[in-house]
Amino acid sequence: MSADTSLQADALRLAELDQRVVRAVIEGNAEELTNTLPGYLTLRRSLKIRLLNESVAVVENPDAAEVLRKISTDDGLPSDRVIERLSSQMEDEDLIEIHKFDNEELEQLGSDLFYSWFSHREY
């Protein structure tokens, strides 16, 4: 499986998890929400990091492309809005900031991405 195919498959999987999270909230199914939400958040973060590593992400499936566009912009997916609403009711700052990287992640990403092509020697 190529990287693009894997990216596409993961984007489609995220869309599926997104639907399951929203359905769990609508149906009031706390168990399904508890089981699905961690996988959604983990895969979403993984995809965002992978998108940073790609100069151009090309996927054949338009649904997958739309998911990738939405998670890389402020549009987000429906689950993101559900999570933000739930976390604001619980006053949980960690969930409210799901679309942002924490300071440790920013340092690591900056080091991995920036210094991979620009080092102290080039400076």
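1. Ser79 has a relative accessibility of 0% and therefore counts as buried in this model, which is a predicted one. The residue belongs to helix α4, which spans residues 78-90, and, leaving aside residues up to four places away in sequence, Ser79 touches Asp18, Val21, Val22 and Tyr40.

2. Tyr40, one of the contacts of Ser79, is also among the residues that touch the most other members of the largest nonpolar core, a set of 19 residues in which Leu14, Leu47, Leu68 and Ile71 are likewise named for this. Two or more residues of this core come from each of the helices α1 (3-27), α2 (30-53) and α3 (62-71). In soluble globular proteins, nonpolar side chains tend to be buried together.

3. The salt bridges found by a search of the whole structure number six. In one of them the side chains of Arg50 and Asp10 meet at 2.4 Å, N to O, and this pair, too, links distant parts of the chain, with Arg50 in helix α2 and Asp10 in helix α1, 40 residues apart. Arg50 has a relative accessible area of 24% and so is partly exposed; Asp10, at 22%, is partly exposed as well.

4. Within helix α1, Arg13 and Glu16 are three residues apart, which means that about one helical turn separates them, and their side chains meet in a salt bridge at 2.8 Å, N to O. Arg13 is partly exposed, with a relative accessible area of 33%, and Glu16 is partly exposed at 38%. Side chains of opposite charge can pair when their charged atoms come close.

5. Ala57 lies in the loop between α2 and α3, and its relative accessibility of 35% is the reason why Ala57 counts as partly exposed. Although Ala57 and Leu7 are 50 residues apart in sequence, their C-alpha atoms are 8.3 Å apart in space. Ala57 touches Leu7 and Leu51, again not counting residues up to four places away in sequence.

Terms used
Residues numbered from 1 in each chain as written. Predicted model: local features only at pLDDT ≥ 70, side-chain atom pairs only at ≥ 80, totals over all residues. Heavy atoms only, no water. Core = buried A, V, L, I, M, F, W, Y, C linked by side-chain atoms within 4.5 Å. Buried < 20%, exposed > 50% of the residue type's maximum accessible area, 1.4 Å probe, protein only. Helix = DSSP H or I, 4+ residues; strand = E, 2+ residues; numbered from the N terminus. Contact = heavy atoms within 4.5 Å. Salt bridge = Lys/Arg side-chain N within 4 Å of Asp/Glu carboxyl O.
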